[in-house]
Amino acid sequence: MTNQKRKKNSFLYYLILIFLTNITLLNANEIKCKKFDIKCKTNKFIEETKQYQKKGLEESKEQLNKTKKDLTNTKDKILKSLSKKNDN
């Protein structure tokens with residue numbers, strides 16, 4: 001009976017150990033700085049700013065393309081409506 005409990009406990013410990021190692025491996029890409037490490041914190045801030053600006057640039061390009069398409073569509077609609085009025 002005690003051997004079964006030990007096996008279950010050891011299995012549980014291994015399962016917890018595997019779970020914790022996976023969590024630490026997933027967070028490996030994150031830059032962690034010490035409390036007063038100004039150089040590290042500055043580099044981290046710069047990288048985050050670059051990523052944010054790239055994201056914003058991509059979104060603004062998409063918005064500009066959408067606006068251009070909308071403007072050309074409205075221009076075509078206006079020209080069609082004007083040509084219909086001139087024909088009548």
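Is Lys50 buried, exposed or partly exposed, and at what relative accessibility? Lys50 counts as partly exposed, at 42% relative accessibility, where buried means under 20% relative accessible area, exposed over 50% and partly exposed in between (1.4 Å probe, protein chains only).

The model is a predicted one, in which local features need pLDDT of at least 70 and side-chain atom pairs count only at pLDDT 80 or more, whereas totals for chains, interfaces and linings use all residues. Residues are numbered from 1 along each chain as its sequence is written, and side-chain values use heavy atoms, with hydrogens and water left out.

The protein chain has 2 helices and 0 strands, these being DSSP runs (H or I of at least four residues for helices, E of at least two for strands) numbered from the N terminus. Of its 88 residues, 1% count as buried, and the chain exposes about 9200 Å² (Shrake-Rupley method, 1.4 Å probe), of which carbon and sulfur atoms supply 59%.

In helix H2, which covers residues 38-87, Glu47 and Lys50 lie 3 residues apart, about one turn of the helix. Glu47 forms a salt bridge with Lys50, with 4.0 Å between the closest N and O atoms; the term requires a side-chain nitrogen of Lys or Arg within 4 Å of a carboxyl oxygen of Asp or Glu. A search of the whole structure finds 1 salt bridge, and Glu47 is itself partly exposed, with a relative accessible area of 38%.

Helix H1 (residues 2-26) contains Phe11, which is exposed at 57% relative accessible area.
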